[in-house]
Amino acid sequence: DTVRSLWVVELLLLNRCPVLCVGPTGTGKTLQLQNKLIGGLSDARYVPLFITFSAQTSAQMLHSNLMSKFEKRRKDVYGAAAGKIFTIFVDDVNMPQREKYGAQPPLELLRQYLDHGGWYQTSSPIRFQEIIDTVLVCAMGPPGGGRNPISARLLR
């Protein structure tokens, strides 16, 4: 099962499709994905970035963490170094606390990237920042025990 799952993950990544792995805790999702991203991909252009969410993770923390890793390509366009592709691995994606209205702001930022190819900068003047040459990989456990159900908007 592990070999089959990792083959599907690699196939999706090489085609730049986002990946979400869901399973009970202790089944090795994080370890297997980290091993695959660090040395198991057949294409050496992929550079892994690892982020672990907690209950205190905010959208601003995620935004500043990612923007510190990206290179500016041209005006309002950011991404990996030329010729490289960032593979952003987000572990425990369903850990951030829900806000008053039920949204999880870090997940909304990821959703905005998936839907629109970027996000809006948080300082003035507010402009759209396009993110290129990146692919998203997420892992999560089932809701319960501090983990929250994630928005259906992120899953589509």
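Good morning. Strands are said to pair if DSSP finds at least two bridges between them.

A word on the basis of this talk. The model is predicted, with local features requiring pLDDT of at least 70 and side-chain atom pairs counting only at pLDDT 80 or more, while totals for chains, interfaces and linings use all residues. Residues are numbered from 1 along each chain as its sequence is written, and side-chain values use heavy atoms, leaving out hydrogens and water.

Let us stay with the hairpin. Between β3 and β4 there are 2 residues, and D76 has a positive phi near 60° there. Most residues other than glycine have a negative phi, and most peptide bonds are trans. Is D76 buried or exposed? D76 counts as buried because its relative accessibility is 13%; buried means under 20% relative accessible area, exposed over 50%, and partly exposed in between, with a 1.4 Å probe and protein chains only.

D133 is not a glycine either, yet its phi is positive, about 55°. This residue lies in the loop between β7 and β8, the latter being residues 134-140. D133 has 21% relative accessibility and therefore counts as partly exposed.

Where is the cis peptide bond that joins S124 and P125? P125 is found in the loop between β6 (118-120) and β7 (128-132). The omega of this bond is about -5°.

I now turn to the whole protein. There are 5 helices and 8 strands, where helices (H or I, at least four residues) and strands (E, at least two) are DSSP runs numbered from the N terminus. Their order from the N terminus is α-β-α-β-α-β-β-β-α-β-β-β-α.

The radius of gyration is 15 Å, which agrees with the value near 15 Å for a compact globule of 156 residues. It is taken over C-alpha atoms, and the globule rule is 2.2 Å times the number of residues to the power 0.38. The C-alpha atoms fill a box of roughly 50 × 40 × 25 Å along the principal axes.

Of the 156 residues, 43% count as buried. Among contacts (heavy atoms within 4.5 Å) between residues at least 6 apart in sequence, 70% join residues at least 24 apart. Thank you for your attention.
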